[in-house]
Amino acid sequence: MVYLGKILGSETKIKILFVLVANPRASYMERELAKEGKSSISEVNRQIEDLVNSGLVTMQRLGKTKLYSINQKHFLFSPLKKLLVDLNKIYKRIAWEIRNFALKKIRHIQAVILLGSVARADIREDIVREPSDIDLVFILKQDKDIKEAKKILLDYISRKISLRYGISLYPFVISRAKYLNRLSARDTFILESYTKGEVLYGEKPRRFS
């Protein structure tokens, strides 16, 4: 496995591969790879030679211009396609998994709202030191269902989500009446969910209905 260190042994190489694997039919100049991967052109120029030499990236000359693309026939292409995934898509998938589970197991859900970095598609890349949060708000029609709903959600998250994705999250469960009361009181979290949250199910409670 030492060869993987040579191929993936720098952040710049990983960024180059991320761009190329995500767009397997496209060709890029060095400056385009630098822009898409948020790297310097000099670093791309220095690092990309190893990827070309490995055969994973192909280089084509068009006059004085060098164009780079991923070699889809390389044995590492398929594994890398699964590995180099957009975290925004992964975290959004997690939110929808929890949402779908909740709708099957929890009664009287009026709305499920996603907010924070996931809703903005602005997930932090450093999931080791600064993992992003998945903020999910579950609005129930009645107070009496909240305790059971929390228990069901937390059990599912600990058994399925945390182990599979390596993240921890705490769903926010609230009744419609309390949501509206805190909205009227201009509670910061509730206000953000109302103004910026993405509705995954139902509709946000209206202050005047």
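## Burial and overall make-up

Of the 209 residues in the protein chain, 38% are buried; here buried means under 20% relative accessible area, exposed means over 50%, and partly exposed lies in between, with a 1.4 Å probe and protein chains only. This is a predicted model, in which local features need pLDDT of at least 70 and side-chain atom pairs count only at pLDDT 80 or more, while totals for chains, interfaces and linings use all residues. Residues are numbered from 1 along each chain as its sequence is written, and side-chain values use heavy atoms, with hydrogens and water left out.

The protein chain holds nine helices and six strands. Both kinds of element are DSSP runs numbered from the N terminus: helices are H or I runs of at least four residues, and strands are E runs of at least two. Contacts (heavy atoms within 4.5 Å) also tell us something about the fold. Among those between residues at least 6 apart in sequence, 64% join residues at least 24 apart.

## The open sheet

Let's turn to the strands. Four of them form an open sheet with mixed pairing, in the order S5-S4-S3-S6; two strands pair if DSSP finds at least two bridges between them. Strand S5 (172-175) and strand S6 (198-202) are the edge strands, each pairing on one side only. On average, neighbouring strands of this sheet are turned by 20 degrees against each other, direction ignored.

S4 and S5 run parallel and are joined by four bridges. Within this pair, Ile139 has Ile174 of S5 as its bridge partner, and Leu140 stands opposite Ser175 in S5. S3 and S4 run antiparallel, with six bridges joining them, and Val112 stands opposite Phe138 in S4. S4 is also mostly covered, as five of its six residues are buried.

## Helices across the sheet

Helix H8 (residues 176-184) lies across strand S3 (109-115), S4 and S5, and runs at about 95 degrees to S5. Such angles run from 0 to 180 degrees between N-to-C directions, and axes are lines fitted to C-alpha atoms, for helices over the stretch in contact. Helix H9 (residues 188-196) lies across S3, S4, S5 and S6, running at about 90 degrees to S3.

## Helix packing around H3

Helix H3 (residues 30-37) and helix H4 (residues 41-53) have axes that come within 8 Å and cross at roughly 110 degrees. H3 and H4 are therefore roughly perpendicular to each other; angles under 35 degrees count as roughly parallel, over 145 as roughly antiparallel, 65 to 115 as roughly perpendicular and the rest as oblique. The crossing of H3 and H4 is right-handed, a term used when the near helix is turned clockwise from the far one by less than a right angle, with anticlockwise being left-handed. On the H3 side, Glu30, Arg31, Leu33 and Ala34 make the contact, and on the H4 side Ile41, Val44, Asn45 and Ile48 do. By class, the contact of H3 with H4 has five nonpolar, one polar and two charged residues. In this scheme Ala, Val, Leu, Ile, Met, Phe, Trp, Tyr, Cys and Pro count as nonpolar, Asp, Glu, Lys and Arg as charged, and the others, Gly among them, as polar.

H3 also packs against helix H2 (residues 11-22), at an angle of about 100 degrees and with the axes 9 Å apart. That makes H2 roughly perpendicular to H3. The residues in contact are Lys15, Ile16, Val19 and Leu20 of H2, together with Leu33, Glu36 and Gly37 of H3. They divide into four nonpolar, one polar and two charged.

## Loop residues worth a look

Asp86 sits in the loop between helix H5 (77-83) and helix H6 (87-105). With a relative accessible area of 29%, Asp86 is partly exposed. Asp86 and Ala22 are 64 residues apart in sequence and 8.7 Å apart in space, C-alpha to C-alpha.

Most residues other than glycine have a negative phi. His108, which is not a glycine, has a positive phi of about 60 degrees. His108 lies in the loop between H6 and S3 and counts as partly exposed, at 31% relative accessibility. Arg186 also has a positive phi, near 60 degrees. The loop between H8 and H9 holds Arg186, and at 56% relative accessibility Arg186 counts as exposed.
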